[in-house]
Structure formats: structure tokens, C-alpha cells
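Subject: Structure handover and what turned up in it

Hello,

Here is the structure I promised to pass along. Have a look at it first, and then read on for my notes.

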Amino acid sequence: MAVPTAARTEDGRGAKPRRRRPPLLLGGLAGLVVAAMALPLVYLVVRSFEGGWEEIAEVVLDGDTLAVLGRSALLAGVVTAASVAISVPLAWLTGRTDLPGRRAWAVLAALPLVIPSYVGGFVLVSVLGPRGMLQGWLEPLGVERLPEIYGFPGAALALTLFSYPYVFLTVRGALRGMDPAMEEAARSLGSGAWAMFARVTLPQLRPGIVAGALLVALYCLSDFGVVSLLQYQSFSNEIYVQYRSAFDRTPAAILALMLVALTIAVLLVEGRTRGRARYHGNAASRPSNTVVLGRWRLPALLFCGGVVLFALVAPVGVLGFWLARGLAEGEPLRPLWNAALSSVYASGLAAAVTALAALPVAILSVRFRGRVSGLVEKATYLGYALPGIVLALSLVFFGANYAPWAYQTLGLLVFAYAIHFLPQAVGTTRSALLQVRPSVEEAARGLGRGPARVAATVTAPLAGSGILAGAALVFLTTMKELPATLLLGPTGFETLATRVWGATSEAFFARAAAPALMLIGISAVPLYLLVIREQAK
Amino acid sequence: MISRGNLVFALALLALLAVAAGCGQPPPEGNNGGGSGQESTSEETTGDETTAQEELKPGEGSLVVYSGRSEELVGPIFEQFEERSGVDVQVRYGETAELAATILEEGENSPADLFFAQDPGALGALDDEGRLTKLPEDVLGRVPAMFKADDGDWVGTSGRARVVTYNTEEIQEDDLPDSIFGFTDPEWEGRIGWAPTNGSFQAFVTALRVIEGEDRAREWLEGVQANDPFVYPDNLSAVEGVASGEVQAALVNHYYLFQVKEEQGQDLPAANYFFEGGDPGALVLAAGAGVLDTADNPEAGEEFLEFALSDEAQQYFADETYEYPLVDGVEVSEELPPLTDIQSPEVDLSNLDDLGGTLELLQETGVL
């Protein structure tokens, strides 16, 4: 099966145009997934129109609302750009150079993803606050007060530190899937190192960068933990304030619909940047040559070390300090095994269900390109940018009133996780499918296998690494999830995330530190396996 | 076709799942730690449970509570009630306002019997929608008029006082102003801290608007803001800031000082200061609860409230959460002045539901 050349095909050129109709089963399954995704939107429309057009106009046309929308877009833009700026060099250094300990660096650089934003934001405030821990250490040097971190700078910093790994992981994937032949050709034609990177490597990384950037941008729109702790008046913050203050669900729903509109705008931008290129390289062909860093070795190490220090070592260290301080004061260490098991169980189910649900959507969008399949794929992103509370309340509404048999069961909770985090699995599965040559599937079809069997026996195994990567991402994102878990879980359902929340809401740092550290530790396992396994290739 | 690496990885994930599943069915029932006391089996958490329980004798059955108060604070109360009464208590913990929104979304199908709220605003909102029922007189009679709804639909269970926590090494009690308005004096520049995102702080600002009027409230906020106060993410960090000398005084709730002492040692150089003469800065707020109109088991809800207002449970609040008991004759910690000595301003707590207006004011003045 090894075909050692990379064929680059533009849509409709070079390859036979594919205008086949997707099989009914595939279309039906993808349709079901989209119908599930539509539930929160239906809820939002119903709630928005309760106050009539007048109230909608009032909320939408309010000058403040538009300013908040702008602030959210700015935050998402800056965090996304910063994440790309950090991740591309990190991925390249750990994937393609002779950086000492690059395997360890790769794992460490991916790990900040497992730190919940509400924990990370909290730690950031206590370390970098005007008179936080850092100021305490600098006090002897005459530093009385650090610059204000509340507002935009702090929110952007925190979101970048804890979400850049989305880009790091997708760029790593793209680097590995690249065929070295093109770079070698560029070199032999006399291209310098930088020119080669800019003109050959970077374009090939673009789909990976864009896929990760999209996850970061949409995550920024939905996040509440960081923006509330760092007091940045973003859209999700505004939505929460509506729920928390006015007890009026109509303005909140209108705001959430505006957020959906912003999501669609982001998706349109992504559609333009993604490009139409497809690279059927062959990941298994041969490894790329290793770049010798030489005198750049020390700066490279400092860069990796700096990122890991701020995004991983600092938060984990502070949590450890709180735990130790609490224990020293006689705070009992309470058992967490049940909460940990619940977390792993629910997140595992969510990962499996989401990965399965992502398959028909990804196959449809890659193998049956067209307007409809494109829309289906985009539709899966709509639930991702919604703040958790909006999604949770929409399912409270449908569950309690139309499916009381499922309400407050683990099943409905897993369903909520799946529609919330589906894009993480769709994105990675899609990238993996893009690297599987359609000719292999066509050969199987030619040998008489039905489309469903081809999907199950040929496509899925070949794209297995992407599917597993998607499941792993969903797993660790679900581990951190809070609003849906609190409102939709079976009554009395406790996870590590709810334990952290229960303690921090009353500000018991020591009691929050133990479940937070355990959450980080458990989530790190699949991520570690993922990175190590990729490295081994 | 499946590569070995993939296979190993998939097996590892599956094994993880199997371990989780194998360790005793879906493990939602956390009986660990301060467990919320759900001894129910997994079958009971499905929809059939309510019909099954209707057949049980009164005084038994189950009580479904939506609690906006955290398990750390009230978990033990539920456990004790469960032991005493034989009622199976199932608690859903969450943010007070989110749980109120949940109950409104659930409509008639709400599984909740009792709503336990951090502040009266959320109870007032549910009451306005007609979602609470009138409580029996023997429950209402236990607490002073200030801490219950005028229509008797909810009742306060414990109180918390707004105070100034100050650093005893940096300043003396005499240095503190007589009124909350004293903090607008420029002499306090850079010396005070607050936590404007905190719910109790916002309830205090709402009270300030009700008592002193919009203009005075705005004047106060702008005056303190001009003194460049330290902004803390929550009350606890504000109290820590006082203890470390970062600020000399902070506007917080009375009990955070005791929590910080518990985690960091009793010899912290910090103490509480209560304003006198009905100053808005000495507002006493209440957490409370109400029984829902859709409750399957309203009797159990009322029985729980009776228990929560018993001397024993009130003593728990005084000793363990350092809150104020609302029932007469319950002893408070030596470090606290008795509730009756606090000269809280005259204000109807049910009127503190205009949080929207408060948030607007906080944003206009640049505090939020």
C-alpha cells in the first residue's frame, strides 16, 4: 500500500471530480447528528422570541451589546494569533530538530490543555496579581506592585496559556503527515532554510494550523472561567451575568444567538483560510530529516522551557503549594476515588460516543465534498462556541419537558457532552481522512465491498490515529466540563470538576487543590499516550 | 490494517473505561467525603422514582433538593436530616441563579422539592413566578420578620454580616471610619480592598441603592474607586490580602476571616469590624429555602426546614460555617458579636432582587 509520492490535488483539477451521492446510511447518520446539534438552537430561538421582536431589537441594537461583541472577537483573534505563534515553533522544534529531550518537551508542551481554565485563571490571578506571589518574590528588589493583569491582558494571557495546545497538537499531526520529498526538492533547487520553511513547509501545515486555530477561537468565545476571574466583559461573561442577575432567560438567549452568529462568521473566515488543497501524503513513507539546531539550541531550549514554566509548572506548583499548606494546617485529605471514577466513566463514554458521531460527518465532508456536506460539517461547530450554561439549560428544557425518562440520567449528560465537543473529534478525524488515499477505498469498492463495509473495514482503521486523537481530546475536555455536569448529571453525581468547583465556590483552596491535581493527573494519561505514540512513529 | 500502535492505544483506552465501569455500575453515587448522602441505587436515579416513592408513608420517601449552597457548607446538615427522619435526601449542587433558571426551564416537570439558595434574590425571583408555596407557621415563626418572605413563601436559614476585615498590625480599630462612606476619603487611597464580582458584595450595593438612593450609591462607588482599591477575585483572597498586609482593610463577609485562619493558622494579624448605627456597611444577608409548587413531597421539604431551623442545626451553622444562626437563643462563637447586637440597616431582603440595576451601576462606575 505504500505509494511514496505525495499527490497534491486541487478540487476538480488533477483528480476525477467526485459527484457521487453519499450512501443513504451515511447521509442519514450525518443528518441525525445535525438534528441533535440543532436542539440548542431551537431552544434559543424559542426563548428569544418570547419577548417579541421589540425585545430582540432592544438587546441587539444596544450599543453596549455591540461593544461586547467586538471585545469577544478581539479576544478570540489575539488569543488565536498568539497560540499559532507559540505552537508552530514548538511543534517544529519538538518534531523536526535535534532539540535535546524533544520527546519530553512534546509531552510537556501539550499538557497545559488538561488544566481547566477556571483553575488556571485562578492560579494566574494569585501569582501575577498586582500584589500576588510573584510580587512577593520581587519585593526585596523593590517591586511594590506589578502592572494590572485584570481585563484584556490577563484574559488573553490565560486563554493562550491553556488553549494553545489545540494548535500545537494539530500542527504536530500535520508535520508528521508531511512527505519529506517536497522539502528535499526545494533544497535541491537551492532554497535557503527560511525560504523553504515559508514556501514549502508552512503551506503544508496550513490545514493543521487552521484546524487548531478554529478550536482555540471558538473556545475563547465560549469560555467563562477565565473571563469572569479576570473580569473581561466578553460575550460569554455577559450571558452568564444575565442568567445570574436578572433571572430573565430571554435576553440571555438573544445574546447567545448573537454568539452563534459570531461563530458562523468565524467559520466563514476559516473556510476562506483553510484552502482547498488536499495533501494525500503518506505518513508511513519515511521520516523527515532532522534539522541540526547548532547555536540555536540554547534559545530553543529557553523558549520551550519558558512556555512550559508558565503554562504547566506554575499552575501545578501553586496547586501543590495550596495542598501542602492546607495539609500542614491539619486539613484532612478526603477520598476522591468515587469522583475520579465518575469523571473517567462519563468522560470515557463521551469520548466514545463523540468519536462515533464524528465519523459519518467527517467521511461525508471529506469523501463527498459539496455544499451540503460542507454545511453539515460546519453545523457541528455551532454547539462548541456556546457557553456551557446555555447548552445545559437548553437540554434541561427539552429533557424535562419532552424526554422525562432521560432527564437527569447519565445518558442525557453524555449526549450533552457529545454535542458540545463534537468538533474536536470531527476536526481530527477529518484531517486523518484527508491523508487516506481515496484510491484505497475505491479499490475495496472495486473488489465488491459495500460502502458501509468499506467505511468500517478500510477507512476507519486507516484513519484510526485521527479518530483516537479526537476521542482523547474529547475525553480530557469532558473531564474539565462543569455547567452541564452540574445541571444535567444524575442527582448527586460527583466528578472531580464538581469537587473542585464545590471547594472553590466557597474558596477553600486546600480542598480544591487535591481534586484539581487529580483531574490534571488523570487527563494527562491519554494525552501522554497520544503524544508518545505519535512520537514513536 | 490497524497498526499496532493504534491497537495498543485503543486497548488502553478501553481498559480505562472497563475499569471505571467495572468498579460498581455507573458510579454516580459519590458516598465519599462529605457525601451528599444519596444511598439510592442507580435505578432510583431514573424517572420512575417519583411514582415509586408516592406509595411510601409520609415522613419517609425522598426529598430532592436543588442547593445553591455548596456541599462543603451544608452537606452535613442534609446527612443529619437523613439519619433523623429516614427521608432519602438527594441533592443537586450548583450556582444559586443557575439552579433557579433550571427550575424555571423544567416547569411543571421539575423533580425538585426544595430550593436552597445562597441569597434571597433567587428565592424572590422564583416566588415572583409563583413557583414557591407557603410554609407552615411553625417554620416561619422561628426567625425574625427580616429573614423571611412577606408572603411566607421562603424562610432564611442562616445569616452573614458584611464587615470590614482589617490588619491588626497596620491599623487600630479606631482608625476605621464610622460609616461605609468614610472609605471615600482620600486618606484611604491604596489601602483598601474589595471583591466586586462577589454575590454578597453586589447584594450590599443593591441594599445601598435601596437605603441611600441611586445617587448616593453611585457617589460611594466612585469615591472608593477614586481611592484605587485592590480588586480581588473573591472574598477569601481579599481576607488573605489583609492578612499579608497587601491592604489594610477589605469589605467582605464576616466568616471568611475564620476560614482563612483555619487554613493558615489562628495567629493571623486580622480582625473583623462591624459598622454601627444601621450603616449599610453592616448589612446582614440571609441564605434561605423554599418548597416548590411542583414538589412531589412537600411534607419532606417542610420537615427539612423544621430541622434546619432547630437549635441543633442552627448551632451547626454557628460552629462549623461561622454563619449567624437566625433562631433566638443559639450561642454564637466568642469571636462574633451576637446577631442582635449588629445594627443592620432596615431593609426588606425581598427587595434586593434588582441585581441587574446594580450590575449596570457597577459597570458604569468602572468597578466591574
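A salt bridge here is a side-chain nitrogen of Lys or Arg within 4 Å of a carboxyl oxygen of Asp or Glu. Please keep in mind that this is a predicted model, in which local features need pLDDT of at least 70 and side-chain atom pairs count only at pLDDT 80 or more, while totals for chains, interfaces and linings use all residues. Residues are numbered from 1 along each chain as its sequence is written, chains are lettered from A and ligands numbered from 1 in the order in which they are written, and side-chain values use heavy atoms, with hydrogens and water left out.

**The two domains of chain A**

Chain A is divided into domain 1 (41-273 + 296-329) and domain 2 (331-537); the bounds come from an automatic or database domain assignment. Their C-alpha centres lie 19 Å apart. Domain 1 of chain A brings 51 residues to the contact and domain 2 of chain A brings 44, where contact means heavy atoms within 4.5 Å.

Between them, the two domains bury about 4500 Å², with 75% of it on carbon and sulfur atoms. Buried area is the accessible area (1.4 Å probe) that two parts lose on being put together, summed over both. On the domain 1 side, Tyr43(A), Val114(A) and Tyr118(A) supply 14% of the area buried against domain 2, more than any other three residues.

How many salt bridges are there between domain 1 and domain 2 of chain A? The count is one.

**A helix with a kink**

Helix α15 of chain A (residues 337-367) has 31 residues and reaches 44 Å from its first C-alpha to its last, close to the 45 Å expected at 1.5 Å a residue. The expected span is 1.5 Å times one less than the number of residues. Helices (H or I, at least four residues) and strands (E, at least two) are DSSP runs, numbered from the N terminus.

At Leu359(A), shortly before the proline Pro360(A), α15(A) has a kink of about 30 degrees; the bend at a residue is the angle between axes fitted to the seven residues ending there and the seven starting there. Of the 31 residues of α15(A), 25 are buried, so the helix is largely enclosed by the rest of the structure. Buried means under 20% relative accessible area, exposed over 50%, and partly exposed in between (1.4 Å probe, protein chains only).

**Chain B**

Chain B comes to 13 helices and ten strands, and buried residues make up 61% of its 368 residues. Among its contacts between residues at least 6 apart in sequence, 75% join residues at least 24 apart.

Helix α9 of chain B (residues 235-243) is mostly covered, with nine of its nine residues buried. Just after α9(B), Gly245(B) takes a positive phi of about 85 degrees.

Gln202(B) sits in helix α7 of chain B (residues 199-212) and counts as buried at 8% relative accessibility. Gln202(B) is 153 residues from Leu355(B) in sequence, yet the C-alpha atoms of the two are 7.2 Å apart in space. Beyond its neighbours within four places in sequence, Gln202(B) is in contact with several residues, including Pro196(B), Thr358(B) and Leu362(B).

**Salt bridges elsewhere**

The structure holds 20 salt bridges over all chains. Glu72(B) pairs with Arg511(A), the closest N and O atoms being 2.6 Å apart. Glu72(B) lies in helix α3 of chain B (residues 71-85) and Arg511(A) in helix α24 of chain A (residues 509-536), so this pair joins two chains. Glu72(B) is buried, with a relative accessible area of 18%, and Arg511(A) counts as buried at 18% too.

Within chain B, Asp311(B) and Arg142(B) meet in a salt bridge (3.0 Å, N to O). Asp311(B) lies in helix α12 (residues 311-320) and Arg142(B) in the loop between α6 (137-140) and β4 (155-167), so the pair ties together parts that are 169 residues apart in sequence. Asp311(B) is partly exposed at 46%, and Arg142(B) is partly exposed at 34%.

Finally, Arg47(A), Glu50(A), Arg249(A) and Glu105(B) are linked in a network of salt bridges.

Best wishes
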